Amino acid sequence: MTTTAGSPSMLVTQTLQLLDKCKTITELRQLRAHIIKSNLIHHTPTVTKLISLYSHHGGLNHALSVFHRIPDPNPFIFFSLIKQISESSTPLEALLFYAQMLSSLKNLDRVEFLLPALLKACSKSRALEEGRQVHGQIVKSQMLFDPYVANALIRMYSELGCIGLAQRVFDKIPERDQVSWNSLITGYLRVGEIELAQGIFNEIQERDLVSCNAMIDGYVKSGKCELAEEIFMTMQHKDVVTWTTMISGYVFNDRPKEALGLFREMLSQGIRPDAPALVSVLSAIADLGFVEEGKWVHTYIRMNKIRLSSGFIGSAVVDMYAKCGHIENAYNVFEIICHYRNVGDWNCMISGLAMHGLGHEALDIFLDMKMKGIEPDEISFLGLLTACNHGGLVDEGRYCFELMQDKYRLVPKIQHYGCIVDLLGRAGHLEEAVNVIRNMPLEADAIVWKAILSACTIHGNVAIGESAALKAIDLAPEDSSCYILLSNLYAKVGRWDDVAKVRLMMKQRGVQKIPGSSSVLVNGEVHEFLVGKEMNVKYSVEREDGPCIWTNKHKQGFSYSYSEEPEDLL
């Protein structure tokens with residue numbers, strides 16, 4: 001065949017060159033029209049290239065449309081489509097194409113390159129039975145010796161929670177690579193088998209970042225920060241995931257000071273924090289109340305042109321300012337990010353206004369949220385109920401509680417019931433509050449009963465208060481606030497003998513009041529105080545700012561408050 005201009009071979013060459021230059025779905029669609037017009041739709045290499053590019057650029061429907069016009073698709077077309085479908089929102093359909101491929105092709109060479117994508121599709125679809133069928137074919141065709149196939153099989157069983165099957169596959173692999181070990185460790189950690197994961201981890205001769213990061217994550221999530229620290233300190237090479245995992249672990253285990261200190265060390269090492277690290281450190285700062293540290297992190301975000309819409313950073317900044325007492329700053333940040341239409345941003349603003357007692361303002365934010373067509377969720381209504389509670393807005397609170405159920409079909413959780421009970425109780429509607437508890441489909445926890453008890457202390461209702469106290473103490477016998485609230489109730493009505501009895505009960509049961517503490521940040525060092533006596537300095541940060549006070553009341557339970565901190569009459 002000649003290769004003169006306009007000849008078939010030249011047309012094919014030009015078309016393939018044009019396909020290589022296509023960067024968008026629109027360009028591919030235009031070239032597809034050219035391929036049909038030029039009668040190249042039956043030219044296998046050209047159509048294969050077109051389908052591959054459609055798949056690569058996310059045009060799965062276009063790729064399928066071309067595929068269904070091909071009378072005799074080749075293996076490469078099947079491979080491209082199956083891999084693309086396995087990454088789509090309907091990954092299990094990849095198995096249907098795989099079955100069609102098996103029945104259509106006589107030569108199944110190199111099919112092992114496709115099996116990891118099939119196993120991933122089974123994992124994403126939670127399709128254990130289909131995964132086991134693929135496993136059966138792997139065993140029959142002796143492809144278990146292929147490390148890519150074996151590792152994909154271990155990963156699938158691990159992600160589906162079948163760690164026993166993952167272990168059996170692992171045991172049968174003649175040559176295990178790092179991916180094999182890491183997949184099994186991750187599987188054990190996923191099902192909470194920390195000790196077994198540790199055993200596998202200790203067997204690895206050369207640990208890599210993946211295995212170390214996985215173990216650090218597993219340890220911190222199980223509350224074993226010390227073991228996570230041991231691995232962290234012995235690692236010669238740490239990536240941003242390592243630092244972020246450790247910082248997030250400190251926050252998860254209520255150790256915000258260590259989280260903030262490690263974040264500072266991360267920056268000093270020249271590691272650029274990712275979005276999860278920034279969110280975690282902002283959460284730590286919010287817990288500590290160190291607003292100057294928070295402003296510094298906010299400035300760092302701006303100076304480094306990190307988008308507030310990235311990874312919930314905007315919500316974290318709003319939350320930090322609100323918890324540090326700077327509600328104006330929180331609102332200014334919210335105004336910048338609210339157009340992203342992320343319900344989490346709106347929830348943070350509502351909750352921030354709630355904790356500042358700005359109930360009407362929180363309701364205004366909710367109305368604006370509705371006008372913009374943003375669907376509220378359970379957290380939205382929890383913030384609204386808290387706002388009504390702190391603002392004493394009884395009618396508005398009743399309305400929000402009914403609205404979430406009647407209009408939005410949201411089922412209240414124990415926290416929502418706790419808020420409405422606390423709101424009604426504080427306002428003196430004790431009988432209505434008790435009826436809410438009696439009629440709710442959940443068992444009331446100690447915090448709900450303490451809300452009733454606190455309200456009874458405010459309004460001097462001994463009969464309901466004693467009943468609530470007995471239930472609260474029965475559910476949380478080691479919670480000192482149950483006894484203190486009951487003591488305050490007796491003291492309010494002058495029943496001092498009963499105050500003494502409560503004190504004796506606490507002594508006999510070994511219940512001690514958890515003391516409050518305060519922290520102050522001066523010249524880069526955090527000092528903690530307890531009843532006027534300085535405790536050990538927990539850590540230092542390399543900054544010199546003015547003092548910043550953090551008061552820790554050590555309140556137990558959920559964030560809605562059942563009273564002001566009880567006075568210690570014991």
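Let me start with one residue. Cysteine 162 has a relative accessibility of 17%, so cysteine 162 counts as buried. Buried here means under 20% relative accessible area, exposed means over 50%, and partly exposed is in between, with a 1.4 Å probe and protein chains only. Cysteine 212 is buried too, because its relative accessible area is 8%.

With cysteines on the screen, how many disulfides does the structure hold? The number is 0. For anyone new to the word, a disulfide is a covalent bond between the sulfur atoms of two cysteines. The test applied is a pair of cysteine sulfur atoms within 2.5 Å.

A word on what you are looking at. This is a predicted model, where local features need pLDDT of at least 70, side-chain atom pairs count only at pLDDT 80 or more, and totals for chains, interfaces and linings use all residues. Residues are numbered from 1 along each chain as its sequence is written, and side-chain values use heavy atoms, with hydrogens and water left out.

Now the overview. The protein has 30 helices and 4 strands. Helices (H or I, at least four residues) and strands (E, at least two) are DSSP runs, numbered from the N terminus. Of the 570 residues in the protein, 49% are buried. Take the contacts between residues at least 6 apart in sequence: 60% of them join residues at least 24 apart. Contact means heavy atoms within 4.5 Å.

The cut-offs are under 35 degrees for roughly parallel, over 145 for roughly antiparallel, 65 to 115 for roughly perpendicular, and oblique for the rest. The crossing of H5 past H7 is left-handed. Left-handed means the near helix is turned anticlockwise from the far one by less than a right angle; right-handed means clockwise. On the H5 side the contact is made by Ile82, Lys83 and Ser86, and on the H7 side by Ala117, Leu118, Ala121 and Lys124. Sorted by class, that gives 4 nonpolar, 1 polar and 2 charged residues. The classes are simple: Ala, Val, Leu, Ile, Met, Phe, Trp, Tyr, Cys and Pro are nonpolar, Asp, Glu, Lys and Arg are charged, and the others, Gly among them, are polar.

Then we have helix H10, residues 163-172, and helix H11, residues 178-190, which pack at about 160 degrees with axes 10 Å apart. That angle is why H10 is roughly antiparallel to H11. H10 makes a left-handed crossing past H11. H10 contributes Ile163, Ala166, Gln167 and Phe170 to the contact, while H11 contributes Ser180, Trp181, Leu184, Gly187 and Tyr188. The contact of H10 with H11 has 6 nonpolar residues, 3 polar ones and no charged ones.

The last pair is helix H17, residues 275-288, and helix H18, residues 291-303, with an angle of about 160 degrees and axes 9 Å apart. So H17 is roughly antiparallel to H18. Here again the crossing is left-handed. Leu278, Val281, Leu282 and Ile285 of H17 meet Glu293, Gly294, Val297, Tyr300 and Ile301 of H18. That contact divides into 7 nonpolar, 1 polar and 1 charged residue.

Back to single residues. Threonine 244 sits in helix H15, residues 240-252. Is threonine 244 buried or exposed? It is buried, because its relative accessible area is 7%. Leaving out residues up to four places away in sequence, threonine 244 touches Met266, Asp274, Pro276 and Ala277. From threonine 244 to leucine 262 is 18 residues in sequence and 9.4 Å in space, C-alpha to C-alpha.

Serine 480 belongs to helix H29, residues 480-492. With 6% relative accessibility, serine 480 counts as buried. With the same exclusion of residues up to four places away, serine 480 touches Met506, Val511, Gln512, Lys513 and Ile514.

Finally, two loop residues. Glutamine 142 lies between helix H8 (128-140) and helix H9 (147-159). Its phi is near 60 degrees, a positive value in a residue other than glycine. Glutamine 142 is exposed, with a relative accessible area of 60%. Arginine 341 is in the loop between helix H20 (327-337) and helix H21 (343-355). The phi of arginine 341 is near 65 degrees, also positive in a residue other than glycine. At 46% relative accessible area, arginine 341 is partly exposed.

How values were computed. Axes are lines fitted to C-alpha atoms, for helices over the stretch in contact, and angles run from 0 to 180 degrees between N-to-C directions.
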